Amino acid sequence: MLSTMQDVPLTVTRLLRHGSTIHGTSQVTTWTGEGEPQRRSYAEIGSRAAQLAHALRDDLGVDGDQRVATLMWNNAEHVEAYFAIPAMGAVLHTLNLRLPPEQLAWVVNHAADRVVLVNGSLLPLLAPLLPHLAPVEHVIVSGPGDRSLLAGAGASVQVHEYEELLAGKPESYDWPELDERQAAAMCYTSGTTGDPKGVVYSHRSIYLHAMQVNMAQSMGLTDHDTSLVVVPQFHVNAWGLPHAVFMTGVNMLMPDRFLQPAPLAEMIESERPSHAAAVPTIWQGLLAELTAKPRDISSMKQVTIGGSACPPALMEAYDKLGVQVCHAWGMTETSPLGTIARVPAGVGADEEMGYRLTQGRFPAGVEARLVGPGGEHLPWDGESAGELEVRGPWIAGAYYGGAAGEDFRPADKFSEDGWLKTGDVGVITANGYLTLTDRAKDVIKSGGEWISSVSLENELMAHPEVAEAAVVAVPDDKWGERPLATVVLKEGASADYDALRSFLAERVAKWQLPERWAIIPAVPKTSVGKFDKKVIRRQYADGELDVTNLSDQG
Ligand code: AMP
C-alpha cells in the first residue's frame, strides 16, 4: 500500500520562500571593517535572489543544471547566491579560496563552471587563473576590489558588476518546481593527496540536513538568536547554517574577510551574537586576543566547534568566560553534521565534561558502524577501535565524475554495500557517543592491534619539557608497523629519550611504547595547520631523521 500523503519535493526553493516571507524581518549583517555594517533583511535577500536569478538566466543565459561558482567570503551577497542558483535549477559550486591556485583551477575545470561570482578582494587570486579556466564565460564582481586586475581577462570572458546586473530586475521569479534529488550545490574536498573530489548535494539532502541543524539536540537556535557564522560558506555550506536559518529566522552575522581575532572580538562586542560556529584555531586565536585585551562577549552563550578535535583546555577556558562550547564532527562528504556532543539526560555534573569532549552522538539521520583491522564489525563498547563508516540521507554515496566521466566510488572511500568510509578511527559507546582516536592513515597497525598516534601524542605533549610531538607508523619486520615518536622540545629543555619513555610508560600500555625516537626542530604542518605526517614518514624513509632505537640499546 502506498501512503496517502502529498509528495512535495524538499527543495532549497521552499527554504527561500519560507525564510524571506515568514522570517522576512530577520537579518544578515555583514561586517565591513569600518563604519556601519551592511544590514539586509531576509525579505530583501529573497527579492535580490530573484533579481540574481533573472540576471543569470536573462542576461548570462544560465540554463539547466549549469554550474555557477562563487569565490566569496561570508556575506549577504553570498547568501543570495546560495538561494538563487539552486532555486533556479542551476548548481552552486562554492570555491575554496584557500586551495592552492593549481587545485582551484583544476576544480573549476572539472566542475565546468560557466560563471564565477567573485568578491573584489579576491580578484588577485582569480585574475591570474582566468586564462586557465576554459569553461568560464562570465565573471561577476561584487564588493570592493581592483577591477583593473581583470583587464587581461581576454575576449572569451565577459566581466559584470553584481549590483549593475541586479539593478531594475523584477523582485520575484517564477521558480521552477524541481526534483528534490537533483543537484543543488557542490563542494570539493581539500584532500592532501590526489586530486580534490567533488561532493554534490541534492535539494533533499540540504533540506533534511538543515532540519537536523535546527533540532534542539543539535544547534537548536531560534529567531531570538544571532549566529556569528565564521565557518566559511565555501567549506561544506558553512555547516548548513545559511539553509537552517532560513527555516527558523535565526539572524546571521557575517565576518566577510575580517577573520582575524581582533575584528572578530570587535564584532562580538558590538553586534552581540548569541551563537557562533568555527574551527578550534579560530577559538584559540580569539581566546589569546580576549586575554590580551578583554571585551564584553557576554551575549555569546553557545559556540559550535568542529573540523578538528577541540582541546579540553580550550573548552575549559571558554566555560570560564561563560561560553558553552559544543563539539561536533563532520566532513565535506557528510554535509557536514555527523555527530554533536550534547550531554545526555541523567548524568551528574562530574560526568558532563567527559561527554562534551567526545565528538558527540549520532542523530537519527546518520547510521554508523565501526570496522576493525580485519574488516569485522566491532561492538559499541567504548573500547573497540575501528574505522567509522556512516550512511544516511545527507551522506555522499559517490564523487562527481566530471562532465565526461561517471560518478565514482573508490574502494577506500565507499564499502561494497554503499557506506561512506570516513577515514576516521574511533570508539563508540553503547549510547552512541563517538570518540575519534586517529585518522585511518595515521593509526599504527602493530601485530594486528591498533595503536592511536593521537593518544601517544597527547600523553607526550603533557610532559613539561615537550612543546609538540607527532607519532607516525614506520615499517617493522616483526610487527608490521611500530610507532616512531618525533618530539619538539621546549626551549632550553633537556629531556632524554629514556625519561620520555618512562613518562609514557606510566600512561600507556607497555606494548604501545615507541622504540624509535627523534628530536626534531618543528612538526611539519599542512596549509590548514594540521600535522603533516606524510612529510615525517617520508623523512624517515629517506633517512633524514636522526633516529635513536631504544630496543637496539637493550
Ligand atoms: P573536511 O572534509 O575538510 O571537513 O575534513 C573532515 C575531517 O576533519 C574528518 O574526517 C576528521 O578527520 C576531521 N574532523 C572534523 N571534525 C572533527 C572533530 N570534531 N574532531 C576531530 N576531527 C574532526
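Strand S9 gives the most residues to the lining of the second largest pocket, four in number. Strands (E, at least two residues) and helices (H or I, at least four) are DSSP runs, numbered from the N terminus. The model is predicted, so local features need pLDDT of at least 70 and side-chain atom pairs pLDDT 80 or more, while totals for chains, interfaces and linings use all residues. Residues are numbered from 1 along each chain as its sequence is written, and side-chain values use heavy atoms, without hydrogens and water.

The pocket has a volume of about 350 Å³. On a 1 Å grid over the protein atoms alone, a pocket is an open set of points where a 1.4 Å probe fits, with protein on both sides within 12 Å along at least five of seven lines; lining residues have an atom within 4 Å of a point. The volume is the space filled by probe spheres set on the points, which are joined across faces, edges and corners. Of the 20 lining residues, Val 200, Tyr 201, Ser 202, Ala 396 and Gly 397 lie nearest the centre. Two or more residues come from each of strand S9 (198-202) and helix H7 (203-214).

Helices H1 (residues 12-21) and H9 (residues 241-248) pack at about 50°, with axes 7 Å apart. Axes are lines fitted to C-alpha atoms over the stretch in contact, and angles run from 0 to 180 degrees between N-to-C directions. The angle makes H1 oblique to H9, a class left over once angles under 35 degrees (roughly parallel), over 145 (roughly antiparallel) and 65 to 115 (roughly perpendicular) are set aside.
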